Every structure is written in C-alpha cells, then in structure tokens.
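Reader: I would like a close look at a single part of this model. Please keep it brisk and stay with the residues.

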Amino acid sequence: MMLSMKTKLFKIIGVNMVVFLVLLVLVEATGQVMTLLYPSYDVLFLQPDKVLGWKQVPNHHWPWTGVYWYAADFSVQVETNPLGFRDIRREFSKPVGVKRVALLGDSFIEATQVPFEKTAGQVLERRLNVSPEPDLEQSKRWEVLNFGISNYGVGQYLLTWEEYARHFHPDYIAIFVAKLHMKRTVRGEEAGTFFKTKNKRLSVRPTFRLDNDTLIREPAKDCDQFVKLQEYLIRTEFGGQRVRRKEKRLITVHYAETLLKLRSHLIKSQEPITARSSKVQASNSSFLAVNLKIIEELGRQADGVGARLVVLDASQYFGDKEAVSIALREACTKNGLGYIPLYDDLLRANMNGISTRWAHDGHFNEAGNVILAEALHRWIAQDSSAGGS
C-alpha cells in the first residue's frame, strides 16, 4: 500500500516536471522566434566628449530598438546631424524672419524611441508653422532645434548651451527638468549607461557644486580612460563597428535573472530608512541649490542674448515630491523665467487612459511627445501674444 502511494507520488511529480519542461521549451522557442522577427541591437551611439562628458556620434545612422532583448516596443532608424544631435543640419546664422526654439534635455528630448518626424521638437515645429490662412503660401517662420542627449543632467544642459546651442541664436530655450536630472548634475559616475563602465566607478560626467554661492565646475576625471575603453570595445567586441545585433541567449535565463533582480530590489526596499533620512534631506537641499543656481545662470545667459528660458517641469510625473516643483516654480518667478508644469498634462493623460510611455522601454511614446509639444506650443503662443520673444 505504502509502495503504491509512493509510486503515484513519483508519477505525479514526473508528469509535472515533464509539463514544466515542455512549457519552458515552448517559451524558449517563442522567444527565439521573436528575436528573429523583431531583432534588437546594441549600439554605441554615444561617444566621449571632454566638455560635455559625451554626446551622440556626428553623421551617424543606426537602428534603435531599446534595451529589451527583442524590439518589443519600437524599431526606429536614427540619424544625427554633423554636430552629433538628433536633428537636421542647421546653419548657425538665423534666416531673416525666422524664430528658433532650442530644446535641451536628456533622452526624453532626444526621443530616439519614435521616428524623427514624431519627436516633440518636430511636432512643435509643425504646430508653430501652421498658417492662420491655410490657402495662403507662407514661408517657414519657426525652427525647433533638438539638443537632447541621453542621460544628461541639468549641468550638462548649461554646457550644451554654451558649447553649441547659443551659436544658433534661439529666441526660446526650453529645458526638461525632474529630480533625476538634478541628481545627475552632482554625480560624475554613469556606471550602467555605457558598455565596459558598468562595473567600474568612472567619473565620466562634468559636475557642478556651490562654494559660497559661487558655481564651481569640475571636469570629468576619467574622460581619457573612457575614450580608451570605448575604442577597445569597438575594436574587439563590436568588430570595428558601433552596432551589433544582440547576442542570442536563453530567454528563460533572461527572465530568471529579471526575477532575481526584482527580488533583490524588493528586499532592499524593505530595509529601514530612518537612519538615512537626515542624510537624504541634507543631500536634497544641497543638489537642489546647485541646480537652481545653474538654471539661474542659464536664464541670465539667455537673457543676455535676447532669448527666453522656459522650464518644462516633469518632476511629479516621475514621482518626485511636490517640493521639487515648488522650488522650480519659485526660482522661475524670482528670475523672470518661463515655467510649464508639464507633469500636469502628462498625469492627466494617464488618468484618462492615455499611455504616454512605452511599456518596456519607459520613454515617451508618440502620445508623450505630442503632449510635450502641445504644452510648449501653448506657452510660446501666450508669451508671443504678450510681447515676449
């Protein structure tokens, strides 16, 4: 009797194991078919830059499918201009009768997740150029220039303005700001963004700090090492190119690793934070002051050339506390800068069932880009009618 029960138990376990293995095989087979139909790529589209830390490779054409193991959300052909920005070639001199808007930001402005014509900059340009009389031939009056680069912080916005954007004589400068961009300003390391720096603590970003209310700039300390690492990577693992198809691997292993990372994150999130609270508050006030000073400086420089700076506040969209928005709004009021609570439009869209980000990638989808463009269009229209730039 006992032997019979054990035999049945072993049979049940065996059947379950067979079913489980069959399911694994099916999942793996489905995953491999997906990688064939929707391939994903590793791309070295950013290169070291001594002034900015890094920026896109000039005159580069490459496919972008996100960081997922297959092209789950999009597959976009990206092209950069001769200066290394995701924009068309622009002349430094501004044509007579043309007004320009310069967009400064990170990957949410860069927008490599949508076709170029569907980026916020291009949507805004078309909106601004709509003639009040559709049947009347009208020359182009607005140009919107995209200076967004992945993983940039507010400090790098200022550097990009000084090094590139100011030479195009924009009438408006818009910066995309949330707490994550402010944190980057004071953090030189960008460990997980670049191949071969993931497990190294390299300072590849120029940073800023305050000394008696004076803005101090500090160059990236490990720029030369960053250059050597990328050159070595291109020469070896990328076979002299900057694009490679993602390596084939077991999809089931990928999901197992993801679950382990999620478990580790959940455990870490349960750790007591009371011991860290005072340090976090002190750190918050410190990096906030630095970033507000940078925004003030950028506004001062813009005003000096007859341009108007406007802050696109996305902070609460990314889950930041209201205090960040209050600080940004007060700084804009104090310094006579434009302010747009972009998070209001984005969160309202989400509440109404409109998705503004890709499911796997996390960046703006086409709807998110349109919302950003429309918010800035409304503000520019109001400012222009009120006698602004």
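Which hand does the crossing of α10 and α11 have?

Author: The crossing of α10 and α11 is right-handed. Bear in mind that this is a predicted model.

Start with the geometry. Helix α10 covers residues 342–351. Its axis and that of α11 are 10 Å apart, and the packing angle is about 140°. The two helices are therefore oblique to each other.

Now the residues. From α10 come L342, D345, L346 and A349. They meet G368, I371, L372, A375 and R378 of α11. By class, this contact has six nonpolar, one polar and two charged residues.

Helix α11 has another partner. Helix α3, residues 120–128, meets α11, residues 366–385. Here the axes come within 8 Å and cross at roughly 40°. That makes α3 oblique to α11. This crossing, too, is right-handed.

On the α3 side, the contact is built from A120, V123, L124, R127 and L128. On the α11 side, it takes in N369, V370, L372, A373, E374, L376, H377 and I380. Nine of these residues are nonpolar, two are polar and two are charged.

Next, the setting. The protein chain has eleven helices and 13 strands. Buried residues account for 45% of its 389 residues. Take the contacts with a separation of 6 or more: 70% of them link residues 24 or more positions apart.

Another helix, α4, shows burial in detail. Nine of its ten residues are buried, so α4 is largely enclosed by the rest of the structure. The buried set is V154, G155, Q156, Y157, L158, L159, T160, W161 and E162.

Look at E162. It sits in α4, which spans residues 154–163. The side chain of E162 makes a polar contact of 2.7 Å with the side chain of R217. Beyond its neighbours within four places in sequence, E162 touches H167, R217 and Q301.

Strand β10 brings in a second residue of α4. The strand runs over residues 214–218 and holds L215. Sequence neighbours within four places aside, L215 contacts L158, F208, R209, L210, V290, K293 and I294. One of these, L158, is among the buried residues of α4. Another, I294, lies 79 residues from L215 in sequence. In space, their C-alpha atoms are 7.6 Å apart.

Finally, two loop residues are worth checking. N151 lies in the loop between β7 (142–146) and α4. Its phi is positive, about 65°, although N151 is not a glycine. N151 is buried, with a relative accessible area of 18%.

D213 is in the loop between β9 (207–211) and β10. Phi of D213 is also positive, near 70°, and D213 is a residue other than glycine. D213 is exposed, with a relative accessible area of 52%.

Notes
Residues are numbered from 1 along each chain as its sequence is written. This is a predicted model: local features need pLDDT of at least 70, side-chain atom pairs count only at pLDDT 80 or more; totals for chains, interfaces and linings use all residues. Side-chain values use heavy atoms; hydrogens and water are left out. Helices (H or I, at least four residues) and strands (E, at least two) are DSSP runs, numbered from the N terminus. A polar contact is a pair of N or O atoms within 3.5 Å; within protein, one must be able to donate a hydrogen and the other to accept it, and residues adjacent in sequence count only if both atoms are side-chain atoms. Contact means heavy atoms within 4.5 Å. Axes are lines fitted to C-alpha atoms, for helices over the stretch in contact, and angles run from 0 to 180 degrees between N-to-C directions. Angles under 35 degrees count as roughly parallel, over 145 as roughly antiparallel, 65 to 115 as roughly perpendicular and the rest as oblique. A crossing is left-handed if the near helix is turned anticlockwise from the far one by less than a right angle, and right-handed if clockwise. Ala, Val, Leu, Ile, Met, Phe, Trp, Tyr, Cys and Pro count as nonpolar, Asp, Glu, Lys and Arg as charged, and the others, Gly among them, as polar. Buried means under 20% relative accessible area, exposed over 50%, partly exposed in between (1.4 Å probe, protein chains only).
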